[in-house]
Amino acid sequence: MNDSPLLDYIEATQRQLADLLHPSQQRQPHLTLFVCGFEQPVHVADDDFSPTQLHDQIESLQRLRGATCSLALGAPDSFATAAFIPVMDPSAQLTLWRNALEGAANEVRQAVYVPHITLGLYKRKATADELRQRLREIDAPSMSLRISQLHYATYDARLHFGPLETQQVISLECA
């Protein structure tokens, strides 16, 4: 994500929620499209992701790559463990990309896919009422999420808040 106004909004929102969020997060703001698992030479465990699967997914996305797009963002919301910014997909572009990725691998996911940008994981317990009140005080972002590239990224699973490392980039065409 390389959009200064959106990054400024995310940082300001994280400051507003600083007493609730873990301070040591190094993971860059991002929209997860599909959870593949961890790269391994051969697929053995449920969360193993082979080089062949990656190759097949990249080819599928390149066939579909199409034009850049913008997705609307909603007011900050909350999962049980994290605050986030909802990402709207009225044209079903994310669904199109996700369907292409599913052709080569099963997604490693425990819950229904909700497009979002994570603001941070909670460091302390808070009641649902407290979270709703705090999040109501924050305006929705006035900008959209512009998508001009898709990244295959990974991270070191031993670092809970570690940074993402981009392994592959698929550039989208200008509309």
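**A walk through the predicted fold**

With a relative accessibility of 4%, F84 counts as buried, because buried means under 20% relative accessible area.

Strands of a sheet pair through backbone hydrogen bonds, and the pairing is either parallel or antiparallel. In this model, three strands make up an open sheet, and their order is β4-β5-β6. The pairing in this sheet is antiparallel. Which strands lie at the edges? They are β4, residues 77–78, and β6, residues 116–121, each of which pairs on one side only. Strand β5 covers residues 82–86, and five bridges join β5 to β6 in the antiparallel sense.

The aromatic side chains come next. A pair of aromatic rings is described by the distance of the centres and the angle of the planes. How many aromatic pairs does the model contain? The count comes to three. One of them joins F38 and Y155, whose ring centres are 5.5 Å apart. The planes of these two rings stand at 75°, so the pair is classed as edge-to-face; the reason is that planes over 60 degrees apart fall into that class. F38 is part of strand β1, residues 38–39, whereas Y155 belongs to the loop between β8 (149–154) and β9 (165–171). The pair therefore ties together parts that are 117 residues apart in sequence. F38 has a relative accessible area of 26% and is partly exposed. Y155, at 33% relative accessibility, also counts as partly exposed.

F79 and F84 form an aromatic pair as well, with ring centres 4.0 Å apart. Is this pair stacked or edge-to-face? The planes lie at 20°, so the pair is stacked. Planes under 30 degrees apart count as stacked, which explains the label.

R27 lies over the face of Y155, at 4.1 Å from the ring centre. The ring of Y113 has the charged end of R98 over it, 3.8 Å from the ring centre.

How many salt bridges does the structure hold? There are seven. Among them is the bridge between D19 and R124, in which the closest N and O atoms are 3.3 Å apart. D19 is found in the loop between α1 and β1, and R124 in the loop between β6 and α4 (128–136), so this bridge ties together parts that are 105 residues apart in sequence. Both partners are partly exposed: D19 has a relative accessible area of 36%, and R124 has one of 34%.

R124 also forms a salt bridge with E130, and here the closest N and O atoms are 2.9 Å apart. E130 is partly exposed, at a relative accessible area of 26%. A network of salt bridges links D19, R124, E130 and R134.

A further salt bridge joins R132 and D129, with the closest N and O atoms 2.7 Å apart. Because these two residues are three residues apart in helix α4, about one helical turn separates them. R132 counts as partly exposed at 45% relative accessibility, whereas D129 counts as exposed at 56%.

Where is D139 found? It lies in the loop between α4 and β7 (145–147). Is D139 buried or exposed? At 62% relative accessibility, D139 counts as exposed, because exposed means over 50%. Apart from its neighbours within four places in sequence, D139 is in contact with Y9 and P76. D139 and T68 are 71 residues apart in sequence, and their C-alpha atoms are 26 Å apart in space.

Technical notes. Residues numbered from 1 in each chain as written. Predicted model: local features only at pLDDT ≥ 70, side-chain atom pairs only at ≥ 80, totals over all residues. Heavy atoms only, no water. Pairing = 2+ DSSP bridges. Helix = DSSP H or I, 4+ residues; strand = E, 2+ residues; numbered from the N terminus. Phe/Tyr/Trp six-rings, centres within 6.5 Å; stacked < 30°, edge-to-face > 60°. Buried < 20%, exposed > 50% of the residue type's maximum accessible area, 1.4 Å probe, protein only. Lys NZ or Arg CZ within 6 Å of the ring centre and 35° of its normal. Salt bridge = Lys/Arg side-chain N within 4 Å of Asp/Glu carboxyl O. Contact = heavy atoms within 4.5 Å.
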